[in-house]
Amino acid sequence: MQCIGDISEEVWQDCITLFLQTGMCCDAAIITNSPPWLLASYPEGNLLQLTQEEIQILLAREGREKLFLQGITLAGTKCLLIRDNLYTEGNNTMDLRTKGQSRGSQAVTVVQIESVYLVVMGQKGTEGGPLNLKAFEMAGYIKEAIHQHMAHF
C-alpha cells in the first residue's frame, strides 16, 4: 500500500490550482508534519514561505491551548487563532485570521486530509465561515482523489 507522501507533487499542485479556481482564496498550501513539510503551494503566494518550525507549531498535538494566547505565525504573518477543531473527529478544521496588516486582515483555514493538511488564505473580504466550508468541501474531493490515485497502485 502506498502512503500519501508517495503522491506526486504534480497531484498536490493540481489540488492547489483547483482550490484557487473557486475564487474564494488567494493563497493555498499543502503541508505535512514530517519532511518535506511543504508538499505544494501557490507559486505566487506567501504560503510558499512556510517554515518547518511554523508547520510544527501549527500541527503540534500538545500545548494547543497556548496557540489561542500567543497566536500563530504562518509564512512570517502573525495570525490570531479563532477556532481550533483540527484534531476533532468529523471536523478537522482550524480557523485563523491574519492580524496587524495595513491591507486588512484575511481569513485562513487549515483542514486535515488524511495525513496532510490544506492551508488556505481567503481573498480580502471573504469571511472565515464560508472559507472553512469551502475548504472542508474541497478536502472531501482531495480525499477522494487520493483514494483513486492509491487504488491505481
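A: Cys 15 counts as buried, at 8% relative accessibility; buried means under 20% relative accessible area, exposed over 50% and partly exposed in between, with a 1.4 Å probe and protein chains only. Bear in mind that this is a predicted model, where local features need pLDDT of at least 70, side-chain atom pairs count only at pLDDT 80 or more, and totals for chains, interfaces and linings use all residues. Residues are numbered from 1 along each chain as its sequence is written, and side-chain values use heavy atoms, leaving out hydrogens and water.

Q: OK, and how many disulfides are there in the whole structure?
A: The search finds 0, where a disulfide is a pair of cysteine sulfur atoms within 2.5 Å. For Cys 15, the nearest cysteine sulfur is that of Cys 25, 12 Å away.

Q: What about Cys 79, buried or exposed?
A: Cys 79 is buried, at 1% relative accessibility. Its sulfur is 12 Å from the closest cysteine sulfur, in Cys 26, so that's too far for a bond.

Q: New topic: how are the rings of Tyr 87 and Tyr 117 arranged?
A: Their centres are 6.5 Å apart and their planes at 80°, so the pair is edge-to-face. Rings of Phe, Tyr and Trp (its six-membered ring) pair if their centres lie within 6.5 Å; planes under 30 degrees apart are stacked, over 60 edge-to-face, and the rest tilted.

Q: And which of them is buried?
A: Tyr 117, with a relative accessible area of 2%. Tyr 87 is partly exposed, at 23%.
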